[in-house]
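Student: I've got a model open and I'd like to learn how to read it feature by feature. Can you walk me through it?

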Amino acid sequence: MDLANEYGESTIMGQADKVFIDAVDQASGGDIKITGHYGGSIGYKSVDQFDAVGDGALDMADTITTSLSGIEPLFLLSSLPFIAGSNADAKLLWEVARPHYEEVFAKHNQVLLWATPWPPSGIWAKKPVTAQGDMAELKIRGWDASGVRTMTNAGSTAVQISWADTVPQLAAGSINSVLTSADGGASSKFWEFLDHFTPVNYSMALNMTHMNKDVYDALTPEQQQIIRDAAQKASDAAWADLELRVAENFKEMQAHGVTIVTDIPPEFLAFLKQSGKEVYDEWLAAVGPAGQKILDEYAAKRGS
């Protein structure tokens, strides 16, 4: 079987894929072989992977699900501005919403295996971004509609660009900044174009690994359990790696001349949060009562 991933092998999701592949190979005694295809090498961008898996063109894929909001608005949940303030919050939000995600995948002939969190996202740019006036200078890439709307409301010129197209757009000068995590930028050597990272902790988006249901159903019950157990190992590894990953990213970035901006005024963060307020309203209108139910359960369990 083939597992497609638009992101690089060194990213947190690429490493989780490898844990999964190795666990399946070991538990099946080599009877189930999965080949990972990283960096979009198999020819699919994240936005295409969902339909490709549902149709059977791909056996499975690891997809940044916020790119799929045009298919199901629920997928914007993890990217709502400042919804998760910590790793624990991001994991709690995933656990609360997982049954709803599983229903969406099932509706599209797919099985949800696990989710991998992106480290907190910030702004890669050529200078610190710490004031409202700085936003006007940015031609910034966002990964989904929520980020584009929030950055636009904050005064920047924002555009949604797939990961595979981000570095070419930086090289061409079409954009001068990127909203993404330190992990994403480090994996693609953003320091060749951008030398500042402002960790505003905008959101912690999720990649989800999903499998064609017909392929899954064709497996024996024992093989299905192997897939499930391996998916749990991949999930555990990804969430455990999250804290360490940020520290490693920052160390690597600084070694390549990137300045990590540490003095971020609270009023600027409050401004960004206010810039994203209408994203919540639009998301709730699109998702309906299920969206409010998720937010209410999340808030109750979070104690906020």
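Predicted model: local features only at pLDDT ≥ 70, side-chain atom pairs only at ≥ 80, totals over all residues.

Student: Which pairs run parallel, β6 to β8 or β5 to β8?

Tutor: β6 (residues 139-142) and β8 run parallel, joined by two bridges, and Arg141 has Val178 in β8 as its bridge partner. β5 and β8 are antiparallel, with four bridges; there, Gly122 is partnered with Thr180. β9 (residues 196-198) then runs parallel to β11, through two bridges, and Phe197 stands opposite Ile260.

Student: How many residues of β5 are buried?

Tutor: Buried means under 20% relative accessible area, exposed is over 50%, and partly exposed is in between (1.4 Å probe, protein chains only). For β5 (residues 121-125), five of its five residues are buried, and β8 also has five of five buried. In a regular strand the side chains alternate between the two faces of the sheet.

Student: What does the side chain of Ser181 reach?

Tutor: Start with the term: a polar contact is a pair of N or O atoms within 3.5 Å; within protein, one must be able to donate a hydrogen and the other to accept it, and residues adjacent in sequence count only if both atoms are side-chain atoms. Ser181 lies in β8 (residues 177-181), and its side chain reaches the backbone nitrogen of Asp183 at 3.3 Å. A polar atom of that Ser181 side chain is also 2.9 Å from the backbone nitrogen of Gly184. Ser181 counts as buried because its relative accessible area is 2%. Contact means heavy atoms within 4.5 Å, and, not counting residues up to four places away in sequence, Ser181 touches Trp118, Pro119, Pro120, Ser121, Gly122, Trp124 and Phe197.

Student: Now helices. Which residues of α5 are buried?

Tutor: An α-helix has 3.6 residues a turn, so residues three or four places apart point the same way. In α5 (residues 145-153), the buried ones are Ser146, Gly147, Val148, Thr150 and Met151. At the start of α5, a side-chain oxygen of Asp144 comes within 3.2 Å of the backbone nitrogen of Ser146. Just after α5, Gly155 has a positive phi of about 110 degrees.

Student: Where is Trp283 found?

Tutor: It's in helix α11 (residues 277-287). Trp283 is classed as buried because its relative accessible area is 3%. Look at sequence versus space, too: Trp283 and Ser146 are 137 residues apart in sequence but 8.9 Å apart, C-alpha to C-alpha. Beyond neighbours within four places in sequence, Trp283 has contacts that include Pro73, Leu74, Gly291 and Leu295. A polar atom of the Trp283 side chain lies 2.9 Å from the backbone oxygen of Pro73.

Student: Why does His37 count as buried?

Tutor: Because its relative accessibility is 18%. His37 is in strand β2 (residues 35-37), and its side chain makes a polar contact with the side chain of Asp2 at 2.8 Å. Setting aside neighbours within four places in sequence, His37 is in contact with Asp2, Leu3, Ala4, Asn5 and Ile42.

Student: Last one: how many residues line the largest pocket?

Tutor: On a 1 Å grid over the protein atoms alone, a pocket is an open set of points with protein on both sides within 12 Å along at least five of seven lines, and lining residues have an atom within 4 Å of a point. The largest pocket is lined by 15 residues, with Asn87, Pro119, Pro120, Asn201 and Val246 nearest its centre. Helix α9 (residues 221-255) gives the most to that lining, with four residues.

How values were computed:
Residues numbered from 1 in each chain as written. Heavy atoms only, no water. 1 Å grid on protein atoms, 1.4 Å probe; cavity = no way out; pocket = protein on both sides within 12 Å on 5 of 7 lines; lining within 4 Å. Pairing = 2+ DSSP bridges.
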